[in-house]
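This briefing goes through a few parts of one protein model, grouped by topic. Keep the structure open while reading and find each element as it is named.

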Amino acid sequence: MRELAAELLRWHAANTVYALATIVGVSGSAPRPLGATMAVDEAGNVRGSLSGGCVEGAVYELCQEVLATGAPARRTFGFSADDAFAVGLTCGGELDVFVHRVTPESYPAIEAALDIEHAAAIVRDLDTGAITTLRFRVGASAETETHGTGQLVVGAAGEAVGGVGEEGRAVGVGWGGVGEIVGAAMDSAVVRVGWAMLESGGSGVRVVGCADRERTVFVDSFAPPPRMIVFGATDFAVALCRVGKLLGYRVTVCEARPAFADRARLPDADEVVRDWPHRYLARTPVDARTVLCVLTHDPKFDIPVLSTALRLPVAYVGAMGSRRADRERRAQLRAAGVTESQLALLHSPIGLELGGQTPEETAVAIGAEIVAVRRGGSARPLSATERPIHPEDAPHAPRRLAAG
């Protein structure tokens, strides 16, 4: 849903009523992941996509029906072997789609989920269409936030120290900050499930036993963007920042040399830090989604930062250089105490062998290797493999919250 943030916020500013269609279940091969959304307003304008075209027409009609009646609807779309032109997925999978009407009363919950700077889980009641967002404001201070209704202060170790009551506490959420409940009131059992799924990065349908009835809800978890940290403000870094943003990363460039640590040279970076790479890395937060790209191509920078990076629980560590430079660098890293198992985590020379020459082509090769490593891809042409194009057990996309 966050990919539609700009459009939805414009609709909210105009008090637009619209239908929001969401994939709440996927079986087999499907072109879009769990949580993908499509919105249709009362004038018939469409934003987003659920299937790349093969079921959009039927979902559009379902959205118009929901807009007319106000009643939420849930429907399954799948492959039809009898009629190639029937509504279905030619890739052979099934999509379970839920559609509900969004009115101005629902805007606060939607907007809380759209804020990319904070972890959030949007919870939809699949019977009534009611929506609630559980938002975790990372880094917010317990000293400056009130403990009013709907807020929950969470300490740095994840302990709840005030807020929405014993049963609704977000115990275990792994960052210090403030948890908020935005939108329709929900049973505390649903809130507990939502917080637990936000913590683990889970998304899916859950049946929850509540005080009044058994509720079927869809929880869709979002995290702040994963981090890409690029060391060295080279021409390759300029291009890699663009690729990193395209892949959904929050990009930081760290450069020790004042003349090169120029914000104007790196317009696509979210931040530019002037510091020695190893010193910056030692103090900056990383997690299991973080990717580290060392482009400095200078041993006095490379060896200290890689010695630190290869000991961290991050998703990817890559370093630029020739094959000769890579051999010399690995020897220096061994001398610095890096073990063979740690060296095996180093992707150097960085990137896939695509045959590119320019900084932009090199950045694409680096981005492609990062995707292959994070997703378990073979990095071979699809035409040369027999693996499913959209494997059911594929890891979540970067927008999902990862443990660590």
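The axes of α7 and α8 come within 10 Å of each other and cross at roughly 55°. The model is a predicted one.

- On the α7 side, the residues in contact are Pro299, Asp302, Ile303, Leu306 and Ser307.
- On the α8 side, they meet Arg329, Gln332 and Leu333.

- Thr339 sits in the loop between α8 (323–335) and α9 (340–343).
- Is Thr339 buried, exposed or partly exposed? Its relative accessibility is 35%, so Thr339 counts as partly exposed.
- Thr339 and Ser307 are 32 residues apart in sequence, and their C-alpha atoms are 9.8 Å apart in space.
- Ser307 is also one of the α7 residues that meet α8.

**The sheet of 6 strands**

- This open sheet has the strand order β15-β14-β13-β16-β17-β18, and its pairing is parallel.
- β15 (271–274) and β18 (346–347) stand at the edges with a single partner strand each, so one side of each has no neighbour in the sheet.
- Helix α7 (residues 299–309) packs on this sheet and touches β13, β16, β17 (316–319) and β18.
- The direction of α7 makes about 165° with that of β16.

**Strand β13 within that sheet**

- In a regular strand, side chains alternate between the two faces of the sheet.
- In β13, Arg227, Ile229 and Phe231 point one way, while Met228 and Val230 point the other way.
- How many of the residues of β13 are buried? The count is 5 of 5 for this strand, which spans residues 227–231.
- β13 runs parallel to β14 (residues 250–255), and 5 bridges join the two strands.
- β13 also runs parallel to β16 (residues 291–294), and 4 bridges join that pair.
- Met228 has a bridge partner in each of these strands: Val251 in β14 and Val291 in β16.
- Val230 has Cys293 as its bridge partner in β16.
- Helix α5 (residues 235–246) forms a right-handed β-α-β unit with β13 and β14.

**The sheet of 5 strands**

- Strands of a sheet pair through backbone hydrogen bonds, either parallel or antiparallel.
- This second open sheet has the order β3-β2-β1-β5-β4, with antiparallel pairing.
- Its edge strands are β3 (46–48) and β4 (73–78), and each of them pairs on one side only.
- From one strand to the next, the twist averages 20°.
- The antiparallel strands β4 and β5 (residues 94–102) are joined by 6 bridges.
- Arg75 stands opposite Val97 in β5.
- Helix α2 (residues 56–69) packs on this sheet, in contact with β1 (18–27), β2 (37–41), β3, β4 and β5.
- The direction of α2 makes about 50° with that of β2.

How values were computed. Residues are numbered from 1 along each chain as its sequence is written. This is a predicted model: local features need pLDDT of at least 70, side-chain atom pairs count only at pLDDT 80 or more; totals for chains, interfaces and linings use all residues. Side-chain values use heavy atoms; hydrogens and water are left out. Buried means under 20% relative accessible area, exposed over 50%, partly exposed in between (1.4 Å probe, protein chains only). Two strands pair if DSSP finds at least two bridges between them. A crossover is right-handed if, with the strands pointing away from the viewer, the path from the first strand over the helix to the second runs clockwise. Axes are lines fitted to C-alpha atoms, for helices over the stretch in contact, and angles run from 0 to 180 degrees between N-to-C directions. Contact means heavy atoms within 4.5 Å.
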